[in-house]
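Subject: Structure handover

Hello,

The structure is below, followed by notes on what was found in it.

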Amino acid sequence: MRLLLDANVSTEAIGRRLAAGGHDVGALDEGLDALDDADVLALATSDGSILVTHNIADLPPLLRDWLSAGRSHTGVILVHGVDHTAYELVAGGVERWLRRLPHQEDWVDLCAIVDNELP
């Protein structure tokens, strides 16, 4: 699966684990972390990646705006209520979603939540 980690998701701790699991992981490293939310979502979509982000405040309204405008995206995994340093919990939650929906096309216009609740 192609994933894009937002600047607020650890490339080292989470990205490395997901890449070791066979996923194609990109990250918004320094320099790209200044992009606004719409540009981040557009970048992920243009790359065919699922966006993984802790940005629970801004992404849901942006996704609603895209839906209202008839715009499509390639998937978003929102991390909600989980500390940025809870790497095991975040990576495990992302992996569980990717096992449930194992094809890139399954993610088109889908938004999933990773939280501190186990499925």
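E95 is buried, with a relative accessible area of 16% (buried is under 20%, exposed over 50%, partly exposed in between, with a 1.4 Å probe and protein chains only). This is a predicted model, in which local features need pLDDT of at least 70 and side-chain atom pairs pLDDT 80 or more, while totals for chains, interfaces and linings use all residues. Residues are numbered from 1 along each chain as its sequence is written, and side-chain values use heavy atoms, with hydrogens and water left out.

E95 forms a salt bridge with R17, at 2.5 Å from N to O (a side-chain nitrogen of Lys or Arg within 4 Å of a carboxyl oxygen of Asp or Glu). The two are 78 residues apart, R17 in helix α1 and E95 in helix α4 (helices are DSSP runs of H or I, at least four residues; strands are runs of E, at least two; both are numbered from the N terminus). R17 is partly exposed, at 28%.

The whole structure has 5 salt bridges. One of them joins D47 to R2 at 2.5 Å, N to O, and links helix α2 (residues 37-47) to strand β1 across 45 residues. D47 is partly exposed at 36%, as is R2 at 30%. R2, D24 and D47 are linked in a network of salt bridges.

Regards
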